[in-house]
Amino acid sequence: MPRTLGYLHAALLIQRGHLFAWVPICLGVGIGLYFVLKFEPGALIFVAIAMTCAAFFALSRLLDEAISPLAVGLALVLMGVMIAGLRAHQVEEPVLGWRYYGPVEGRVVGIDRSASDKVRVTLDRVVLRDVAPARTPTRVRLSLHSAIKGSDPVPGLGVMTTAHLAPPSGPVEPGGFDFQRHAWFLGLGAVGYTRVPLLALARPEGDQPLFAARMALSARVQAVLPGEAGAFAAAIMTGDRAGMGQDTLTALRVSNLAHLLAISGLHMGLLAGFVFAALRIALAAIPWVALRAPVKPLSAGMALVVAVGYLALSGGNVATERAFVMAAVVLVAVMLNRRALSLRAVALAAIIVLVLHPEALLGPGFQMSFAATTALVAVFGWINTRETSKGPRWLRPVLAVVISSTVAGLATAPIAAAHFNQFAHYGLIANLLSVPLMGVVVMPAAVLSACLLPLGLEGVGLWIMGLGLNWILGVAHLVSNLDGARGTVVSPGPEVLPLLVLGGLFVALWQGRARALGVVPMVLALVLWSQSMRPDVLISDSGSLVGVMTTNGRALSTGRGAGFIARNWLENDGDAAEQMQAAERWPAPAPGGVAITALRGKRAAEALAGCGGADWLVLNTAPTTAPEGLPCEVVHPGTLRRTGALALYSSEKGLRAVSARQVTGERLWNTRRR
């Protein structure tokens, strides 16, 4: 025993000097703990957490130098809980507590496109009929299902329409993606749609210059470079994806090239790297400047300024902010003559993002971005410490591309599969054929077109950019059309992804041979994933859709309506079928021969007199009088309003129900109504 303690003490001492990379991990654990709580901590709890955190920091000063980091780590975990709680209260805005139909007025502050390929606008300065300002959502988002009259939705335009609004919906199934939480941190108090035209009420006031400039640049790019290539270029340069068609987006996802569409670390890094290299070469070519000025720090500073402009012009969403933080850390390190690409730099960027936007931890963008970056820095750092030959000089760039694509793909594949329930069999090939063009052709051409824009010659750069983007789109469509290009996987349990990520981080960050122990939780996670069980029956939170698992896949009660819910259920099942195909499997008995009947419409609800031989009766409209004494379980919107979506599992006593509210608990985003 003393010898084991001695080994443990020595192993902890070896970590000294490498502990900074564990700071964001500890913060992330605390943030994750806050979001998995089933209740909302009150002020007294946060005071107790703060006092305990301070006690751990004080205790770390008294402990042995090998053990003191453990106390600091616990303090950082508690600090993560406080950061997430503070952020959740900081973004609190009124949320609509009922369904609303009537006039809606507001100012356009966001324009994008929904999953159903409809133009979607986000409005602030919202006015609703007969709704007090204190109860009116600060922001609402509307899908436009009709032609626009009077004026196109442009930044800052005051508009009015008649719309259907509802509170953000909860998870489509217990444990599924929680849109209520997502909308809470976006400041969205209601979402809906309109089938009548938008009417312009007031001209743009000019108080959104960056948004207006972004949309104007997007329109200019698509006018000069038409088609999907122009829409792709606009998405890369401005973050505006409204021009992208659904077929193209699907091809990019199936071929694992969708990351090229988002303004992420790749784009920010390529832009900053190209500007830095170009400025450094240009300044070094002037002898008077090269002999008198610090060319390298000066070039890094100017590249940082360009990155700030790119951040502002692209809309400044969380994903782009994350990419900018990482690029800024690297450029500042160059300016200070420090090592730019290191795990310390990655950790610093992660800390900044988690402190500013702790909710980003739950998103696939944050997880995939930092997983890829951490893996790349760790692998290339290990390669650089080896004394073995790295091959001929001319072959090294090719090897670097192959290694980086392989490492990044392996690091992000499980995360992408867990979130999107699919993986690209030929994703590595598609990335090898496309990513180099982003660095060599597309991003330099984007910089060139931006520089020539004031002269009206941006067409030169966009033409070059179009050549690269057309190649990438061609690769995406070619790869996505190959047999077996898209694989599907079952959605994992809530413990799988944390085990995978923490195990991988232990392998990458721990110093010494004990890092191999990180493989254990990763293998355990894969075993648990392979044994994931899907609910036997799913009932949507409105009662409009029921899904019963069969030997041929999930059978859906209807082939139309509730498309978002149906798509999510089938994807989580690892089922590639469309909603209409799944509806052809209906009706289907639940396990144990349990009969489930789904009735739609008010007439069916009002005519309800018995169960009709059903064990479970699901209505999408609440009956006027609550049914009593029926020998079956009756579920309708009135009961689902309290429980959220339901998942039913077979057991010895029949079907056991688990509600979405049981999984999420009583939190700010699903209970606060003003």
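## Ile-25 in helix α2

Ile-25 is buried, at a relative accessible area of 13%; buried means under 20%, exposed over 50% and partly exposed in between, with a 1.4 Å probe and protein chains only. The residue is found in helix α2. Helices (H or I, at least four residues) and strands (E, at least two) are DSSP runs, numbered from the N terminus.

Ile-25 touches Leu-502, Leu-505 and Leu-509, leaving aside residues up to four places away in sequence; contact means heavy atoms within 4.5 Å.

## Basis of the model

The model is predicted: local features need pLDDT of at least 70, side-chain atom pairs count only at pLDDT 80 or more, and totals for chains, interfaces and linings use all residues. Residues are numbered from 1 along each chain as its sequence is written, and side-chain values use heavy atoms, with hydrogens and water left out.

## Aromatic pairs

A pair of aromatic rings is described by the distance of the centres and the angle of the planes. Nine aromatic pairs are found in a search of the whole structure. Rings of Phe, Tyr and Trp (its six-membered ring) pair if their centres lie within 6.5 Å; planes under 30 degrees apart count as stacked, over 60 as edge-to-face and the rest as tilted. Tyr-34 and Trp-669 form an edge-to-face pair, because their ring centres are 6.4 Å apart and their planes stand at 70°. This pair links distant parts of the chain, with Tyr-34 in helix α2 (residues 23-36) and Trp-669 in helix α25 (residues 668-671), 635 residues apart. Tyr-34 is buried at 0% relative accessibility, and Trp-669 is buried at 4%.

Ring pairs join Tyr-34, Phe-35, Phe-185 and Trp-669 into a cluster. Over the ring of Tyr-34 sits the charged end of Arg-667, 4.6 Å from the ring centre; a charge sits over a ring if NZ of Lys or CZ of Arg is within 6 Å of the ring centre and within 35 degrees of the ring normal. Elsewhere, Phe-366 and Phe-370 make a tilted pair, 4.8 Å centre to centre with 45° between the planes. These two residues are four apart in helix α14 (residues 364-385), so about one helical turn separates them. Both Phe-366 and Phe-370 are buried.

## Packing of α7 and α17

Helix α7 (residues 227-238) packs against helix α17 (residues 458-480) at an angle of about 105°, with the axes 9 Å apart. The two helices are therefore roughly perpendicular. Axes are lines fitted to C-alpha atoms, for helices over the stretch in contact, and angles run from 0 to 180 degrees between N-to-C directions; under 35 degrees counts as roughly parallel, over 145 as roughly antiparallel, 65 to 115 as roughly perpendicular and the rest as oblique.

On the α7 side the contact includes Phe-232 and Ile-236, and on the α17 side Met-465 and Leu-469 are among the residues involved.

## Loops and backbone

Ser-491 lies in the loop between β8 (486-488) and α18 (496-509) and is buried at 19% relative accessible area. A cis peptide bond, with omega about 5°, joins Trp-586 and Pro-587.

Asp-130 is not a glycine, yet has a positive phi of about 60°. Its loop runs between β2 (119-128) and β3 (139-144), and Asp-130 is exposed at 78% relative accessibility.
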